[in-house]
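Welcome! Please take a moment to look over the sequence and the 3D structure before reading on.

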Amino acid sequence: MKEHKLTSHFLQLWEQYAQQLEEQLPLGTLRQTAMERFRQQGFPHKKLEKWRFSNWMGIDNHEWTLNGLDTGTSTYQKPGHPADAYFINGEILLDGEGQSREMVQLEGGAVRIATLSYARAHWPEKFFTHFNHLNGQKESLYGIFPLNTMFVARGLWIEVAEEVELSRPLTIVYDVQAVPDGRFLPMRSLWIAGRGSKAEFLLYERNEPTKHHFIHHVHEIYMAENAEVQRATLQKYSGKSFIFSAELSAQLAESQYRRHTSTIGSAALRNELHALLQEPGVHTNLSGLYLVGSTEKVENQVFVDHAVPDCESFENFVGIAGGTGRGAFTGHILVRKDAQKTQAYQSSRNVVLDDSAWIRTLPFLEIYADDVKCSHGATVGKLDEDIMFYLRSRGVPDREARKMLLTAFAAETVEVDAEEVRNEFIAEIQRKLDELLC
Amino acid sequence: MSDSDKIIQEYTTREYEHGFVTDIEMDVVPPGLDEEKIRFISRKKNEPDWLLEFRLKAYRTWKQMEQPNWAHLDIPPIDFQSYSYYAEPKKKPRYKSLDEVDPKLIETFNKLGIPLEEQKRLAGVAVDAVFDSVSVMTTYKETLQELGIIFCSISEAVQEHPDLVKKYLGSVVPIHDNFYAALNSAVFSDGSFVYIPPGVRCPMELSTYFRINTKGLGQFERTLIIADEGSYVSYLEGCTAPMRDENQLHAAVVEIIVHKDAEVKYSTVQNWYPGDEEGKGGIFNFVTKRGICLGDRSKLSWTQVETGSAITWKYPSTILKGDYSQAEFYSVALTNNRQQADTGTKMIHLGKHTKSLVISKGISAGRSQNTYRGMVSIAKNAVHSRNFSQCDSLLLTDKCGAHTFPYIDVHNSSSVVEHEATTSKIADEQIFYLQQRGLDEEEAVRLIVNGYAREVLQQLPMEFAAEARKLLEISLEGSVG
Amino acid sequence: MENQGSLLSIRDLHVRVEDKDILRGLSLDIRPGEVHAIMGPNGSGKSTLSLAIAGKEGYEVQGGQMYYKGKDLSEMDPEERALEGIFISFQHPVEIPGVTMMNFLRTILNKHREYRGEEPLSGREFLQRVREVATTLGLDHLIRNRFVNEGFSGGEKKKNELLQMILLEPEMVILDEIDSGLDIDAIKTVAKAVNGMRDGKRSFLLITHYQRLLNFIEPDVVHILVDGKIVKSGDKRLAEELEARGYDQLVASVQQ
């Protein structure tokens with residue numbers, strides 16, 4: 001197997017920083033185990049079946065550094081977007097007012113947002129029943145997963161108490177600003193939705209356009225019995241940064257999970273979603289939108305694991321590629337042997353705007369139970385010519401007609417209930433479309 | 001015991017219909033493979049130097065390669081040195097007339113429903129019968145010759161039409177294409193050769209019948225079909241093998257070249273011995289089939305009915321090079337007991353305004369694993385191209401698996417690719433409805449499966465559609481769970 | 001080349017669709033305020049004419065000219081033709097998933113206003129206007145939270161075309177089989193809407209298979225289209241004659 005040069009690089013970084021990292025966030029054997037797994041797997045290379053598309057061109061030309069553990073930015077700014085909490089540079093938690101905190105309580109204490117080190121120090125038992133439970137299951141799969149556990153020192157703890165229903169959606173902004181070029185930024189967010197709780201989160205991920213980072217974010221999302229969680233993310237990374245984002249979710253009986261991410265461009269971004277439907281009666285709804293132009297590359301890898309009977313999953317992904325952009329979707333539904341009465345649907349629809357753009361879609365079904373209803377549909381194409389003509393014959397010029405149809409095509413996936421937030425997402429989509437259509 | 005259990009039991013005791021062994025004296029080359037064996041095969045067949053070089057180059061390439069492991073298949077380790085790579089009937093391998101043919105061979109093909117005698121010949125079908133490594137007999141040869149059509153064994157074509165063979169052999173499936181293709185290129189024994197001259201519409205079905213008989217023999221046939229400008233041919237192959245406890249190896253290569261305005265229909269009814277209900281024995285079927293629509297407006301249509309083999313690894317593919325060229329792939333793959341199939345197609349669109357259609361129907365029963373694997377690739381210059389794929393899977397028991405792995409790549413803005421897939425079982429209400437109308441459960445399943453496969457079966461030449469339907473029903477009998 | 005005083009002037013038009021010659025030398029002059037009807041059997045080229053005027057791709061003009069307000073249509077994009085005042089009610093209006101009626105109507109109306117140098121309507125004015133028109137057509141229930149033509153009945157799709165016609169105030173209206181699939185009440189609604197638009201300046205071209213529509217919208221000129229050519233023109237009595245004798249007889253008499 002071909003050795004990726006980042007493998008030895010990260011192992012060297014480990015030699016240099018392991019002790020400091022452990023002092024920041026003591027993880028005991030987890031960290032050491034992860035390193036050994038990373039050593040075995042190595043940094044993912046192109047020859048791996050599920051990494052063929054993700055040739056993050058140029059990622060190995062950088063000596064990614066941790067540069068001490070702090071990003072060295074004391075002069076961060078509170079981002080303009082109003083939020084309930086901000087997480088800056090993967091290290092500093094701010095409350096809605098912009099005050100630096102170790103813990104923020106919202107909704108009368110029903111929601112606690114804390115730094116990981118705070119959670120580790122104050123609720124060690126709960127911390128260790130959740131932390132790396134899901135990521136650990138993936139660590140032997142690809143080296144990218146243990147890489148996070150090896151180096152993570154900071155992150156967020158987001159916990160919703162049992163049997164509470166939040167009165168409004170909560171907003172968290174993840175911002176990367178003024179971090180020196182070349183930084184490797186591993187972070188972890190741990191989401192815990194208590195039994196019977198109901199919560200909605202709006203997430204904004206962004207960075208400073210001129211900078212050049214390797215952002216590696218793993219979300220572990222745990223939903224207890226009857227919990228209902230909605231997460232909608234506007235993912236907008238600019239500049240030359242490399243982004244790896246994993247959302248690993250596990251759902252207990254009768255819980256419901258609705259997730260949407262709109263990915264607006266990115267030089268090189270890979271979203272990896274692994275949904276484990278762990279107990280019967282679970283409902284999972286995953287949607288995503290990706291818009292790529294110029295030389296951008298965005299990939300969504302979605303794995304839905306129907307481990308038990310009587311669960312439902314829906315996937316709806318839409319991609320639009322212009323310029324020499326590349327967009328990819330790999331959806332993999334696994335229905336295990338006894339997962340009878342499974343219903344699983346997957347849809348991947350894409351539009352290619354230019355002859356140098358490229359869309360790849362791999363909608364996989366792997367099914368070992370017979371009493372199931374599974375289907376998928378995938379299309380790659382262009383805008384409907386008859387509709388284009390209809391609009392033009394009503395006086396709408398070509399470019400505007402395209403924008404109108406593409407907006408409608410994209411907006412259909414945006415699973416956000418609050419009208420003004422939905423409009424905010426759509427406005428970002430339209431800004432990107434303006435760029436793609438010029 | 002429930003009805004369905006009874007039916008299952010009844011089926012599992014059913015024997016593979018074509019499982020008899022022909023007791024005929026064969027010259028078998030000792031097992032194992034090295035350059036000397038390849039020289040021996042080549043010498044035995046009196047081949048020109050270029051072909052020996054082709055074989056040796058393939059052998060050297062193969063030695064550098066590893067057996068692929070990406071398919072959704074559990075392939076037991078194969079000792080390629082344990083197989084024998086050549087066998088021929090002791091008596092004269094090639095016959096001028098039927099009188100010279102060993103009566104046991106004639107009887108074998110009669111039993112298989114492929115009569116070689118003049119008076120019993122299938123009307124409208126010319127047959128090339130391949131027994132183990134050697135082509136035994138080609139019928140209707142003279143009739144075809146009058147039209148300039150060449151239909152003979154590839155060994156004969158090497159002697160009689162060396163220029164054509166040299167020009168096209170390895171042009172669609174190069175020797176380094178994959179592990180099994182390289183092996184085939186090194187050791188291929190016989191197979192069919194078809195050449196249709198410009199503007200000629202072949203008036204009858206051309207058919208090759210493959211039979212593996214000898215124990216421990218690998219069969220490596222090679223088929224080469226060339227449809228010159230504006231010509232048409234429909235070609236069909238069928239395969240069977242005796243029941244044997246050990247696995248037998250079959251690694252064929254088929255190359256099809258379709259010139260401008262020509263059309264080729266290629267149909268397969270694959271019924272190699274699938275092994276017993278515990279998965280013992282059966283054929284390992286590792287096949288590389290590929291055609292190229294070389295000229296503008298050329299057309300290639302694949303139809304396959306796959307019911308046999310312990311393991312199937314097969315992806316009949318088309319390279320759509322000519323502008324406005326078209327390709328179709330119709331497939332029914334039925335797996336039962338411990339069978340494993342990983343099969344599908346690749347449609348590589350290179351020319352402008354090219355079109356392809358994929359209809360795949362998988363049926364899984366017993367403890368089998370059935371995978372559709374397909375690729376549709378639209379190149380940057382293949383503007384205004386289209387593909388539609390429909391891949392359905394039907395699960396008949398809760399112990400089998402049905403998998404769909406499509407790969408779709410689109411590199412331009414004027415093409416449209418659509419892929420749809422569903423996985424389901426037969427609805428209880430459908431069975432009940434038919435039972436209420438007087439069918440038993442098994443008849444109901446047969447009817448429903450036949451309806452399910454209909455779109456594919458009706459693509460087969462008429463003479464074979466009924467045969468395929470029967471085969472499907474036999475393979476299906478008692479598999480209801 | 002063009003006929004002076006004509007709003008739409010078509011000269012010896014030859015149009016080919018998918019390698020088939022559909023229109024083979026069609027000529028037509030429509031002056032401001034006139035109502036023309038083109039009648040013809042299936043496959044005579046009626047819809048091809050409307051789509052060629054609209055400028056649909058694949059409708060290749062092989063010969064002849066189309067002038068509108070003195071301008072050569074072949075030089076104009078489909079949207080330019082629309083903004084210049086040609087409105088075509090399509091025989092089969094397409095469904096546009098995801099695009100709401102309101103968004104669509106507002107976009108096209110403001111495009112036309114902008115082109116004519118008028119201010120865009122405010123949200124309120126627009127809503128008022130659309131409601132007013134929708135009510136007269138009985139389409140109120142379709143303008144809120146519905147996507148364009150999606151899930152509309154055949155009649156609703158046709159009425160939606162008229163809704164747009166009334167909003168956009170075109171100068172040249174071409175109604176392609178607006179009556180097909182409609183019952184008599186719906187035809188009356190259509191006729192009322194069209195007659196309401198007649199102001200002595202606006203011109204209409206009605207394309208229809210049946211004479212029925214012409215009982216409610218009185219044409220100035222009736223043309224019979226057969227095999228891509230106008231074989232006979234006359235006043236409204238020609239339509240009645242056609243109804244009485246049928247296409248076959250009429251064509252036979254013309255060919256003699």
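Predicted model: local features only at pLDDT ≥ 70, side-chain atom pairs only at ≥ 80, totals over all residues.

Residues are numbered from 1 along each chain as its sequence is written, chains are lettered from A and ligands numbered from 1 in the order in which they are written, and side-chain values use heavy atoms, with hydrogens and water left out. Of the 2 pairs of chains in contact (heavy atoms within 4.5 Å), chains A and B share the most contacts. Chain B and chain C do not touch, and their nearest C-alpha atoms are 14 Å apart.

**Where chain B meets chain A**

- The contact involves 33 residues of chain B and 34 residues of chain A.
- The size of an interface is often given as the accessible area lost when the parts come together.
- Here, chain B and chain A bury about 2800 Å², with 50% of it on carbon and sulfur atoms; buried area is the accessible area (1.4 Å probe) that two parts lose on being put together, summed over both.
- Y407(B), I408(B) and S413(B) supply 18% of the area that chain B buries against chain A, more than any other three residues.
- The rule finds 1 salt bridge across this interface (a side-chain nitrogen of Lys or Arg within 4 Å of a carboxyl oxygen of Asp or Glu).
- R360(A) forms a salt bridge with D409(B), and the closest N and O atoms are 2.7 Å apart.
- There are also 18 residue pairs in polar contact between chain B and chain A, both residues being at pLDDT 80 or more; a polar contact is a pair of N or O atoms within 3.5 Å, where within protein one must be able to donate a hydrogen and the other to accept it, and residues adjacent in sequence count only if both atoms are side-chain atoms.
- On the side of chain B that touches chain A, strand 23 and strand 24 (416-425) of chain B each supply at least two residues; helices (H or I, at least four residues) and strands (E, at least two) are DSSP runs, numbered from the N terminus.
- That side of chain B divides into 12 nonpolar, 15 polar and 6 charged residues; Ala, Val, Leu, Ile, Met, Phe, Trp, Tyr, Cys and Pro count as nonpolar, Asp, Glu, Lys and Arg as charged, and the others, Gly among them, as polar.

**Where chain C meets chain A**

- Chain C brings 31 residues to the contact and chain A brings 16 residues.
- About 1900 Å² is buried between chain C and chain A, and carbon and sulfur atoms give 69% of it.
- E79(C), V94(C) and K111(C) supply 27% of the area that chain C buries against chain A, more than any other three residues.
- The rule finds 5 salt bridges across the interface of chain C and chain A.
- E400(A) and K111(C) meet through their side chains in a salt bridge (2.6 Å, N to O).
- Across the interface of chain C and chain A there are 9 residue pairs in polar contact, both at pLDDT 80 or more.
- Helix 3 of chain C gives the largest share of the side of chain C that touches chain A, with 6 residues.
- The side of chain C that touches chain A holds 17 nonpolar, 8 polar and 6 charged residues.

**Salt bridges overall**

- Over all chains, the structure holds 67 salt bridges.
- One of them joins the side chains of E35(B) and R39(B) (3.8 Å, N to O).
- E35(B) and R39(B) both lie in helix 2 (residues 35-44) of chain B, 4 residues apart, about one turn of the helix.

**Empty space**

- Rolling a probe the size of a water molecule over the atoms shows where empty space is left.
- On a 1 Å grid over the protein atoms alone, a cavity is a set of points where a 1.4 Å probe fits but cannot get out, and a pocket is an open set with protein on both sides within 12 Å along at least five of seven lines; lining residues have an atom within 4 Å of a point.
- The count comes to 9 cavities of 30 Å³ or more; grid points are joined across faces, edges and corners, and a volume is the space filled by probe spheres set on the points.
- The second largest pocket holds about 1200 Å³ of space.
- Among the 48 residues that line the second largest pocket, E49(A), R52(A), W70(B), R373(B) and Y407(B) are the closest to its centre.
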